[in-house]
2 protein chains.
Amino acid sequence: IDNDEWSIEELAQSIINGDRKALASGITLVESRANKHRKKAAQLIQLLLPNTGKSIRIGITGVPGAGKSTWIEAFGKKLVQEDHKIAVLAIDPSSSLSGGSILGDKTRMEELSHHQNVFIRPSPTAGTLGGVHRMTRETILLCEAASYDIILVETVGVGQSEVMVRGMVDFFLLLALTGGGDELQGMKKGIMELVDAIVINKADGDNKVRATKARNEYRQLLHYLQPATKGWQTKAITCSAIKGEGIVEIWELIERFIEEISESGVMEDRRKSQSLDWMKQMIHDRLFDEFMNIDGRKEELRRLKEGVIVGEVSPAEAVETLFTP
Amino acid sequence: IDNDEWSIEELAQSIINGDRKALASGITLVESRANKHRKKAAQLIQLLLPNTGKSIRIGITGVPGAGKSTWIEAFGKKLVQEDHKIAVLAIDPSSSLSGGSILGDKTRMEELSHHQNVFIRPSPTAGTLGGVHRMTRETILLCEAASYDIILVETVGVGQSEVMVRGMVDFFLLLALTGGGDELQGMKKGIMELVDAIVINKADGDNKVRATKARNEYRQLLHYLQPATKGWQTKAITCSAIKGEGIVEIWELIERFIEEISESGVMEDRRKSQSLDWMKQMIHDRLFDEFMNIDGRKEELRRLKEGVIVGEVSPAEAVETLFTP
């Protein structure tokens, strides 16, 4: 990703031409935390901007064991059969800590990963959740410039990662476990009001009856909750990724969703406010990073926080101290 | 609130002594947006800090028409009978825009407002929601220093105000309308997972049956949602503020709540993380305010936002521009 290999203009053109190696280099540039790379990355994205925004961006979340990779494999295979080019990205805040990555293990989607029209990118393994967020948003744009027309963003759902995914996709899908109702209680706070569909996977064999029962309970519950997208009642449906059942229906549902919210103007409004929210977030992150980079600041903040915790210093006084030169 | 009237030390001492005029002056100081007042306000709070933290902080939200003021009047009268000193504060982001205030009209709680052990303070009428938030948090501390042992924070529930109230109270209560179930659908997104109790008011006369039905529906729904407070199942109960029915029960519920979460350590953890969150929020607000105060910044930001909206500038490039000297 250094100057001697590609100029930013060449890199941009190669990405637009569909060169996978160029796309991978571009993403590595975007994921770099070095200051000099950040400016170049912004340049690159600026050059690619006219070629972005034309994909359908789909977020997928679900607890471990819900079968996300099997589902993405089944869903992706269906899409490539229809001549779509798909990119699979991941947000995994836990990988920032462990150095691992939910999509690092490519065997999880073996068939899909070998398809020429599929691009799979593991989660960035460095940086804060805010950083991972920025990188993923920019990676979406790069993939769009490379003509991927469906972008899947997968998350393991740690911490605030679902709120972030909601802020970067058009359609957000929750893959839920089958079961008789108890699973609903373990549902993460607010998650049902963030998603556009709850997909109860593994609706096959002995599980089918329980999955249908769970779906009906979700439907009842959703009836009382606020939908995530204006004008769209959040759906609850069953499928079996392993048997390939219900996958076509989900794609049709997403197509109908995109059609409806495009017509109503909700799609355009959402994308605009997503961009502005993102910009605002970046400004705040940048200001805080600069503030924290001042010598001795981290130590000072740690000390003041301790004072606040034991009740010796009020938060207001702590902030006054921090901002007094 | 100027030097010649009170020294900060005198003001602090008078507040601790229970002088209502001093308390009002202190709050006015805290609500001032002038820089010189901010430092003094931080000093004042620092002096009062050892006398704070001993109240029960209760948040109350509900749509207009849910009967918040009647309920607070009934609840407050019950508390003063038990020799509590109560302060009623308000968060009303809409008043920042209109200059009005939800508690400005004191006739709303006429009996209560004349009681010697009751202090009612309308919402600050100036500033952003973040500012209103800061002022209200500091006003809570001032009231505590003045020996008010129960603080009620009322909000009209506009925008993010409930999230803010949740971040400053121990117990959060939603006053809901009676009805046959349709009301649940109008419920604000995420609100049921923010509160510790849903109180269905106006459970009297013809409404009683419907209120009971609504309560049962809420209970069913709450069974599936995540509780706001660890170890506490969110309750749904009925009451009639006008008839004074169910008010004692709510107070007993809150007492039990405080007892349980104090024993489990959740109370202490919550207060600590509330203070740290508040501190973090103040740092971010301050950084952003300083950033925006630079000459020409507002205009530059407006222009860049337009570029982002029409798709000419990427958010990343816009932020680079803002941060390039």
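## Close-up views of a two-chain predicted model

Residues are numbered from 1 along each chain as its sequence is written, chains are lettered from A and ligands numbered from 1 in the order in which they are written, and side-chain values use heavy atoms, with hydrogens and water left out.

**View 1. Chain A as a whole.** Chain A holds 14 helices and seven strands, where helices (H or I, at least four residues) and strands (E, at least two) are DSSP runs numbered from the N terminus. Contact here means heavy atoms within 4.5 Å, and among the contacts in chain A between residues at least 6 apart in sequence, 75% join residues at least 24 apart.

**View 2. The two copies and their rotation axis.** Two copies of a chain are related by a rotation about an axis and a shift along it. In this model, chain B is superposed on chain A by a rotation of 180° with 0.0 Å of shift along the axis, at an RMSD of 0.0 Å, which is the relation of a two-fold axis. The same surface serves both copies, since 100% of the contact residues of chain B recur in chain A. The superposition is by least squares on the C-alpha atoms of residues with pLDDT of at least 70 in both copies. Of the residues of chain B, G190(B) comes closest to the rotation axis, its C-alpha lying at 2.8 Å.

**View 3. Helix α12 of chain A against helix α12 of chain B.** The axes of the two helices, each made of residues 266-292 of its chain, come within 10 Å and cross at roughly 100°; axes are lines fitted to C-alpha atoms, for helices over the stretch in contact, and angles run from 0 to 180 degrees between N-to-C directions. α12(A) and α12(B) are therefore roughly perpendicular to each other, the class for angles of 65 to 115 degrees, while under 35 counts as roughly parallel, over 145 as roughly antiparallel and the rest as oblique. On the side of chain A, I283(A), H284(A), L287(A), F288(A) and F291(A) meet I283(B), H284(B), L287(B), F288(B) and F291(B) of chain B. By class, this contact of α12(A) with α12(B) has eight nonpolar, two polar and no charged residues, where Ala, Val, Leu, Ile, Met, Phe, Trp, Tyr, Cys and Pro count as nonpolar, Asp, Glu, Lys and Arg as charged, and the others, Gly among them, as polar.

**View 4. Salt bridges between the chains.** Side chains of opposite charge can pair when their charged atoms come close. A salt bridge is a side-chain nitrogen of Lys or Arg within 4 Å of a carboxyl oxygen of Asp or Glu, and the structure holds 30 of them over all chains. In one of these, the side chains of E320(A) and R286(B) meet at 3.2 Å, N to O. Because E320(A) lies in helix α14 (residues 315-323) of chain A and R286(B) in helix α12 of chain B, the pair joins two chains. Both E320(A) and R286(B) are buried.

**View 5. A salt bridge within chain A.** K188(A) forms a salt bridge with E162(A), their closest N and O atoms being 2.7 Å apart. K188(A) lies in the loop between α9 (182-185) and β6 (197-200) and E162(A) in helix α8 (residues 161-166), so the pair ties together parts of chain A that are 26 residues apart in sequence. K188(A) is partly exposed, with a relative accessible area of 32%, whereas E162(A) is buried at 7%.

**View 6. Strand β1 of chain B.** T61(B) lies in strand β1 (residues 56-61) of chain B and counts as buried at 0% relative accessibility. Leaving aside neighbours within four places in sequence, T61(B) is in contact with several residues, among them K68(B), T155(B), E162(B) and I191(B). T61(B) and V153(B), although 92 residues apart in sequence, are 8.6 Å apart in space, C-alpha to C-alpha.

Terms used:
This is a predicted model: local features need pLDDT of at least 70, side-chain atom pairs count only at pLDDT 80 or more; totals for chains, interfaces and linings use all residues. Buried means under 20% relative accessible area, exposed over 50%, partly exposed in between (1.4 Å probe, protein chains only).
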